[in-house]
Amino acid sequence: MKHHLSCLKGDTIKAIILVCLAVGVVGMSYGSLAMAYGFPVWVPFVLSITVLAGASEFMFIGIVASGGNPLAAAAGLLVNARHVPFGVTVRELVGQRGLSYLGCHIMNDESVVFGLSQKTPEQRKAAYWLCGLGVAIIWPLGALLGAMVGKLLPAPETIGLDAVFPAILLALVVPAFKNRTTLIRACTGAALSLAAVPFAPVGLPVLLSLLGLAARKK
């Protein structure tokens, strides 16, 4: 791992570490929220290891705590359906054979963004794995710590933690907006997604934003 990390710039490694720490903080809030809903400690911890998808986990405990609804549970699949295009995009970064299963498991918004933002294939793979493994370790630890602390932590939205990831990801992708075509497609996708929010079920607006890829500059 040390050999592979040597190809990454110090600023990239620092950014990945900061993002992983932010993941841990949100994980603490997730674990605490699960305790507030009355779940046993093992539930958020096991989910954080096996699911490793924060949005779906938050949605799951919310749905179950409110009485449960099999149809509403499908929203969790829609929220993370973006992983389908993610998988196509990072297929060269997840590894081969048995290793690819772990590579797919650690695929998340942060690892994909860091992986695709690097210049060389070696740097892309190193950034993807460093961030992915970091999140896979920090998220469960944060969830467990938050569950142990229990109700001492407020809900994520109370202190603005729900805005942490959008802000981080936006900062990471802003440099790509220098390309006019990328900017047009991103803005088109965002507009379509926002327009669909009042009418579409949770998670679907994000998928509709992919239609922005069809936009072309004049």
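Select Q123. It is buried, because its relative accessible area is 14% and buried means under 20%, with exposed over 50% and partly exposed in between (1.4 Å probe, protein chains only). This is a predicted model: local features need pLDDT of at least 70, side-chain atom pairs count only at pLDDT 80 or more, and totals for chains, interfaces and linings use all residues. Residues are numbered from 1 along each chain as its sequence is written, and side-chain values use heavy atoms, without hydrogens or water.

Stay on Q123. It sits in helix α10, residues 121-149. Helices are DSSP runs of H or I with at least four residues, numbered from the N terminus. Now show what surrounds Q123. Beyond its neighbours within four places in sequence, Q123 is in contact with C7, L8 and Q118; contact means heavy atoms within 4.5 Å.

Next, the aromatic rings. The structure holds 3 aromatic pairs. Rings of Phe, Tyr and Trp (its six-membered ring) pair if their centres lie within 6.5 Å; planes under 30 degrees apart count as stacked, over 60 as edge-to-face and the rest as tilted.

Select Y30 and W139. This pair is stacked, at 5.4 Å centre to centre and 15° between the planes. It links distant parts of the chain: Y30 is in helix α2 (residues 10-36), W139 is in helix α10, and 109 residues separate them. Both Y30 and W139 are buried.

Move to Y128 and W129. Their rings are edge-to-face, with centres 6.4 Å apart and 80° between the planes. Y128 counts as buried because its relative accessible area is 0%. W129 is buried too, at 10% relative accessibility.

Y30, F58 and W139 form one aromatic cluster.

Key. Helix = DSSP H or I, 4+ residues; strand = E, 2+ residues; numbered from the N terminus.
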